[in-house]
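This report describes one protein model, part by part. Look at the sequence and the structure before reading on.

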Amino acid sequence: MNFSDAKSNILQILSRTDCQDLTKLISWMKHSDDLDNYLVDNQRAILQSIADDLRSCLPLEAVFPSETMAIQKTQQNPKPTVHVDAFLYDEETVDSLCEDGKMSRNFCLTCGSHRTAPMEFISHSFSISELQFLFLHVLPDLAGKLVVDVGSRLGAVLYGGYLYSAAAQLVGVEICEEFVKLQTMTVEKYGFSDRIKVIHDNICSQSMLLQNADVLIMNNVFEYFMEPKDQVRAWQFISQNFLKKGALLVTVPSIQDALISLQETNEITAIGHWLQEVPVDYNAFLQNDTDLDSLKQIHLYRVL
Ligand SMILES: C[S@@+](CC[C@H](N)C(=O)[O-])C[C@H]1O[C@@H](n2cnc3c(N)ncnc32)[C@H](O)[C@@H]1O
């Protein structure tokens with residue numbers, strides 16, 4: 001039923017309601033929690049169900065012991081840092097895990113004292129809200145397009161793209177075999193295999209895929225998973241193969257920030273010259289749980 005049919009049905013019901021109950025009914029419609037479930041869109045409910053499934057297959061920190069570099073890099077951060085996967089754990093879930101003592105937002109400045117400071121949280125996945133923002137507000141209509149997620153991990157981008165866009169094909173390339181298995185299992189369980197494919201490989205061996213891609217998504221792919229010199233090589237490989245005129249690249253953080261941290265200025269100044277940044281309206285998407293700072297990390301570029 002579309003909006004105008006639904007509206008005339010509601011007006012009909014109101015016209016047939018006993019006068020003495022009319023105010024009560026309208027007040028119920030305006031304020032009751034009974035209607036909350038109708039405000040959760042079906043796609044979000046599917047993504048939440050996938051997150052529930054994946055949580056039960058992973059340790060709390062959602063990092064496999066085989067990811068030694070990611071574990072080391074997290075531990076080497078100057079400020080105590082934990083990985084809390086934003087696709088698996090929204091703010092509410094983190095709050096309830098903190099209440100149960102399973103997670104903490106603070107660390108002790110002097111062991112045993114009450115002097116505490118906030119922990120640094122990092123996430124290796126987009127949250128459901130970020131996925132909605134990405135596919136409904138940042139990217140244009142993707143009908144007929146090939147979307148490639150570099151380092152697809154849990155598959156959050158692939159499922160988000162399947163549910164919130166008309167992309168013809170969504171391909172995830174992931175170097176970690178355990179995550180490829182989790183994605184394959186999810187794609188089969190939810191019947192997404194008509195439009196989603198997951199490849200177990202290093203993106204640097206996928207030149208054809210990069211050449212055919214219309215949209216490339218790179219959510220902080222390399223920082224925690226590759227040595228700086230390998231990151232520079234991977235960026236060079238992408239800049240030499242992702243060349244379709246007008247194709248779109250989404251990065252977190254901006255390319256400039258990703259490359260500056262590599263401090264290999266001579267090699268990296270050449271990278272990025274094949275792109276033009278496209279402005280993003282970060283205020284287009286304001287929901288209760290939106291973290292504007294994290295949305296502002298999402299950058300969009302067009303291939304020249
Ligand atoms: C930060 S996660 C991104 C997750 C996902 N794209 C998202 O936005 O929710 C980065 C992932 O990239 C993978 N990765 C790192 N280097 C890679 C490479 N060269 N080729 C393929 N995958 C890579 C890592 O194993 C990790 O799972």
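## A partly exposed arginine and its partner

This is a predicted model. Arg55 has a relative accessible area of 25%, so this residue counts as partly exposed. Its partner in a salt bridge is Asp52, with 2.4 Å between the closest N and O atoms. Asp52 is partly exposed as well, at a relative accessible area of 42%. Both residues belong to helix α4, where a spacing of three residues puts about one helical turn between Asp52 and Arg55.

## Other salt bridges

The whole structure contains six salt bridges. Side chains of opposite charge can pair when their charged atoms come close.

Asp230 and Arg233 form one of these bridges, at 3.1 Å from N to O. The two residues are three apart in helix α11 (residues 228–241), about one turn of the helix. Asp230 has a relative accessible area of 24% and is partly exposed; Arg233, at 49%, is also partly exposed.

A further salt bridge joins Glu120 and Lys79, whose closest N and O atoms are 3.4 Å apart. This pair connects distant parts of the chain, 41 residues apart: Glu120 is in strand β4 (residues 120–122), while Lys79 is in the loop between α5 (68–76) and β1 (81–83). Glu120 is partly exposed at 34% relative accessibility, and Lys79 is partly exposed at 37%.

## Overall make-up

The protein has 304 residues, of which 43% count as buried. Its secondary structure consists of 14 helices and eleven strands. The C-alpha trace spans about 75 × 60 × 35 Å along its principal axes.

An unreviewed UniProt entry lists residues 155–239 as "domain: Methyltransferase type". This span is 47% helix and 19% strand, and its end C-alpha atoms are 24 Å apart.

In soluble globular proteins, nonpolar side chains tend to be buried together. The largest nonpolar core here has 53 residues, and Phe87, Leu139, Tyr159 and Ile217 touch the most other members. Elements that each supply at least two residues of this core include α4 (42–55), α6 (91–99) and β8 (215–219). Helix α8 gives the largest share, seven residues. Domain 1 (43–122) and domain 2 (128–303) each contribute at least three residues to this core.

## A nonpolar surface patch

Ile10, Trp28 and Met29 make up a nonpolar patch on the surface, with about 260 Å² of accessible area together. Trp28 lies in helix α2 (residues 19–31). Its relative accessible area is 38%, so Trp28 is partly exposed.

Key: Residues are numbered from 1 along each chain as its sequence is written. This is a predicted model: local features need pLDDT of at least 70, side-chain atom pairs count only at pLDDT 80 or more; totals for chains, interfaces and linings use all residues. Side-chain values use heavy atoms; hydrogens and water are left out. Patches are made of residues with over 30% relative accessible area and no salt bridge: like charges are joined within 9 Å, nonpolar side chains (Val, Leu, Ile, Met, Phe, Trp, Tyr) within 5 Å. Accessible areas come from the Shrake-Rupley method with a 1.4 Å probe; for residues, only the protein chains shown count as cover. A salt bridge is a side-chain nitrogen of Lys or Arg within 4 Å of a carboxyl oxygen of Asp or Glu. Helices (H or I, at least four residues) and strands (E, at least two) are DSSP runs, numbered from the N terminus. Buried means under 20% relative accessible area, exposed over 50%, partly exposed in between (1.4 Å probe, protein chains only). UniProt positions are given in the numbering used here, feature names are shortened, and annotations may be inferred rather than shown by experiment. A nonpolar core is a set of buried Ala, Val, Leu, Ile, Met, Phe, Trp, Tyr and Cys residues joined through side-chain atoms within 4.5 Å. Domain bounds come from an automatic or database domain assignment.
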